Amino acid sequence: MNPDPDYSAAYVVIHTDAPDAHEGHGFAFTIGRGNDIQAAAIRALEPFLIGRPVEAILGDLGGIWRELVHDSQLRWLGPEKGVVHMAVSAVVNALWDLKAKRAGLPLWRLLAEMTPEQLVDLVDFRYLTDALTPGEALEILRRAEPGRAERTKHLLSHGYPAYTTSAGWLGYSDEKLTRLASEAVGDGFTLIKLKVGADLDDDLRRLRLAREVVGPDVRIALDANQRWDVGPAIEWMSAFLPYDPWWIEEPTSPDDILGHAAIRAAVAPVKVATGEHVQNRIVFKQLLQAGAIDVMQIDAARVGGVNENVANLLLAAKFGVPVCPHAGGVGLCELVQHLSMFDYVAVSGTMDDRVIEYVDHLHEHFVHPVDVHNGRYAAPQEPGFSAEIHAGTRTRHAYPDGPVWMSGGDAG
Ligand SMILES: [Mg+2]
């Protein structure tokens, strides 16, 4: 559980002296005091980029990913997990934002127009080849190639399905929960999510009320935010079964692969979902190999950026598991929509049972905020990764000497 979040970001801007004056923007989303540590980790990566020719770096983003991740001294702090890996993510995502802006394309489209060979080159297959080889990845991407143009057209006219967490936060009154749940259905959402795990009786009452309001056809997902050990997860879920939950998210520690497998075996047909705190492609690989998850929840800013999420999407396609990204936070909806849309066009080729989380707050701080209506994300058209926060917001909220902090006012 994250009872006391103070939404923050370690924010990266990559400048070049190219005449087009484009900047690459990226960030690591944090929830407060850890942000200073995150910012220091990002600074440790500056020497890898500063002074190098931009064309060489953007022309080989698979190569720069390996350089950043395999630096032996920084790697000691991971490897490939935690603060150093999130720093890589922020920098790599900023480079992708820059590359997409220079190409004049939204990121999803830039990726979806790359050849299968170019996409495979982005991925570090180290530690993956027992589950996914470069040859198999190539096969998955080639299989999807003939339908790309048609799916791009479909995506542009229909968007991509979203689900909402807005109704289900702990601490909302029953009246607020039922009002928001019924509004969500009215807004076109076909899946809503409730937070659970603090108090069983409260959860049962809230779940019953939500089910009464949305009816039998709207899916209700549950999110325990890592509250339980394996035994209690199974006990609590058994009590929820009469209300037909669609998935249970983060029932236990994100590192506990066998625990997830045990919970999944016990709570079927309820699905098990996880991923927002999964550190890297190797943990996702094991969750899939162990039959521990039904739903993979990639996060755009936790693993090593776009490159590693291409690996994760390929793994999910190999195992036939749908990807329903995590986006609770700030800017995560803006980023991760691009990855799902790329997946639809060029990897899995389907939207079946796939939904992107949508949390309706703080989008106004983004230069190109998400456009969610009728329960769907509209495909972004603007060049880039939708990562850029308004300059005014960045100045006002800069820690520790932005005016919001100096005045001691609400950081909002
Ligand atoms: Mg969650």
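**Ala-181**

I began with Ala-181, which counts as buried because it has 26 C-beta neighbours inside 10 Å. The rule I used calls a residue buried if 20 or more other C-beta atoms lie within 10 Å of its own, exposed if 12 or fewer, and partly exposed in between, with C-beta atoms placed from the backbone. This is a predicted model, so I noted that local features need pLDDT of at least 70, that side-chain atom pairs count only at pLDDT 80 or more, and that totals for chains, interfaces and linings use all residues. Residues are numbered from 1 along each chain as its sequence is written.

I found Ala-181 in helix α11, residues 174-186. Helices (H or I, at least four residues) and strands (E, at least two) are DSSP runs, numbered from the N terminus. Leaving out residues up to four places away in sequence, I listed the contacts of Ala-181 as Ala-167, Ile-192, Ala-210, Val-213 and Val-214. Contact here means that the C-beta atoms of two residues, placed from the backbone, lie within 7 Å. I also looked up Arg-211, 30 residues from Ala-181 along the chain; their C-alpha atoms are separated by 9.2 Å.

**Residues 174-270**

UniProt, in an unreviewed entry, lists residues 174-270 as "domain: Mandelate racemase/muconate lactonizing enzyme C-terminal". UniProt positions are given in the numbering used here, feature names are shortened, and annotations may be inferred rather than shown by experiment. In the model this span is 52% helix and 15% strand, and its end C-alpha atoms lie 24 Å apart.

I checked β2, residues 24-30, and seven of its seven residues are buried. Gly-24, Gly-26, Ala-28 and Thr-30 point one way, while His-25, Phe-27 and Phe-29 point the other way. In a regular strand the side chains alternate between the two faces of the sheet. Strand β1 (residues 8-14) pairs with β2 in the antiparallel sense over seven bridges; pairing requires that DSSP finds at least two bridges between two strands. Opposite Ala-28 of β2 I found Ala-10.

**The largest nonpolar core**

Which residues touch the most other members of the largest nonpolar core? They are Phe-27, Ala-28, Ile-42, Ala-87, Ala-90, Val-91 and Leu-314, out of 124 residues. Helix α6 (residues 82-103) gives the most to this core, with 12 residues. A nonpolar core is a set of buried Ala, Val, Leu, Ile, Met, Phe, Trp, Tyr and Cys residues joined through C-beta atoms within 7 Å. Not counting residues up to four places away in sequence, Leu-314 touches Val-123, Leu-132, Ala-137, Ile-140 and Val-347.

**Backbone entries**

Most residues other than glycine have a negative phi, and most peptide bonds are trans. I noted a cis peptide bond from Gly-78 to Pro-79, with omega near -10°. Pro-79 is in the loop between α5 (72-75) and α6. The peptide bond from Ala-268 to Pro-269 is also cis, with omega near 10°, and Pro-269 sits in the loop between α14 (257-267) and β7 (271-274).

Tyr-127 is not a glycine, and its phi is positive, near 75°. I placed Tyr-127 in the loop between α8 (116-122) and α9 (134-144). Is Tyr-127 buried or partly exposed? Tyr-127 counts as partly exposed because it has 13 C-beta neighbours inside 10 Å.
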